[in-house]
Amino acid sequence: MAAVLDTVRAFFAPAAFVIDSETPADVVAREALLDRAMGADRRNKSSERIRHGRVPADGLALVARDRKGHVIGTVRLWNIEAGISRDGNAVDGLLLGPLAVDGGQAGKGIGSALMRAALVEAKKRGHGAVLLVGDAAYYERFGFFAEKAQHLVMPGPFARARFLALELKAGWLEGVAGMVVASGRKLTQLPQRKAA
C-alpha cells in the first residue's frame, strides 16, 4: 500500500524540474555548472574547437531548471558539416554537447529528459543527424552508435569508440566521409570601448 501511495504522491507532486529554452540570463549559471561537472580542461576537447566562437543552433540550447528556477542541467546542439556525401556535397548535421547535470541532481532523469527534448526539437526543425563524443553505453539508449560515424573524423584527437551518431532522417549519413567542421553562426563581439 505504501508503494501505491508513493506513486500517487509522485504523480500529483509538482515536477522536480522543467526543460526550458536557455536564455542570456542563464550563461553564468550554465558555465559554472559545466566547470563543476566537466572540470577545467573541458575547453581543450576536440568538440570545443568546433563550438568555439559559434552560436548554438536555433532553438537547440536547452536547460533544466529546478522548482526555484535555478539551472541544474544543460545541453546544446551546434550546426556542423558532417563530412561530404558521395556526390561531393557538404552534409549538414548537428553536434551535441556538452550535456551536463548538477552533481547534486544526478539520477533524477534530468540528463535523459534534456536529451529527449533536444532530439525531438532537432527533428521538428528538420535536421538530419546528430553527432557527439561521449559514453556509448549511455547514448546508445537514445539511438547513437559509432557505426554511423565510422567514416567521419573530428578535428584534433578524439576517441573513435566514443564518436557516435544518430540519424534523425533515415540514410542521412549513408556514404558520408570526412572531417566534421563548424557551419553555424559566429558570435558577434561588441565593440571595445577605448579608455578616455
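Start with the salt bridges, taking one to be a side-chain nitrogen of Lys or Arg within 4 Å of a carboxyl oxygen of Asp or Glu: by that rule the count here comes to 11. Keep in mind that this is a predicted model, where local features need pLDDT of at least 70 and side-chain atom pairs count only at pLDDT 80 or more, while totals for chains, interfaces and linings use all residues. Residues are numbered from 1 along each chain as its sequence is written, and side-chain values use heavy atoms, with hydrogens and water left out.

Take Arg36 to begin with. Its salt-bridge partner is Asp102, with the closest N and O atoms 2.9 Å apart. This pair links distant parts of the chain, since Arg36 sits in helix H2 and Asp102 in the loop between S5 and helix H4 (110–124), 66 residues apart. (Helices and strands are DSSP runs, H or I of at least four residues and E of at least two, numbered from the N terminus.) Arg36 is exposed, at 54% relative accessible area, whereas Asp102 is buried at 19%; buried means under 20% relative accessible area, exposed over 50%, and partly exposed in between, with a 1.4 Å probe and protein chains only.

Now look inside helix H3. Arg51 and Glu48 form a salt bridge there, the closest N and O atoms being 3.3 Å apart. They are 3 residues apart in the helix, which means about one helical turn separates them. Arg51 is buried, at 8% relative accessibility, and Glu48 counts as buried too, at 18%.

Further along, Lys148 and Glu167 meet through their side chains in a salt bridge of 3.0 Å, N to O. Lys148 lies in the loop between H5 and strand S7 (152–153) and Glu167 in strand S8 (residues 163–167), so this pair ties together parts that are 19 residues apart in sequence. Lys148 is partly exposed at 39%, while Glu167 is buried at 17%. There is also a salt-bridge network, linking Glu22, Arg30, Glu31 and Arg76.

Some of those names come back in the pockets. A pocket, on a 1 Å grid over the protein atoms alone, is an open set of points where a 1.4 Å probe fits, with protein on both sides within 12 Å along at least five of seven lines; lining residues have an atom within 4 Å of a point. The second largest pocket holds about 390 Å³ of space, a volume being the space filled by probe spheres set on the points. Its lining has 17 residues, and Arg30, Glu31, Glu48, Arg76 and Trp78 lie nearest its centre. H2, H3 and strand S3 (71–84) each give two or more residues to that lining, with H2 providing the largest share, 4 residues.

The largest pocket has about 620 Å³ of space. Of its 28 lining residues, Met38, Lys45, Val133, Gly134 and Arg162 lie nearest the centre. Elements supplying at least two residues include helix H2 (27–38), helix H3 (46–51) and strand S6 (129–133); H3 gives the largest share, 4 residues.

Met179 belongs to strand S9 (residues 177–182) and is partly exposed, at 40% relative accessibility.
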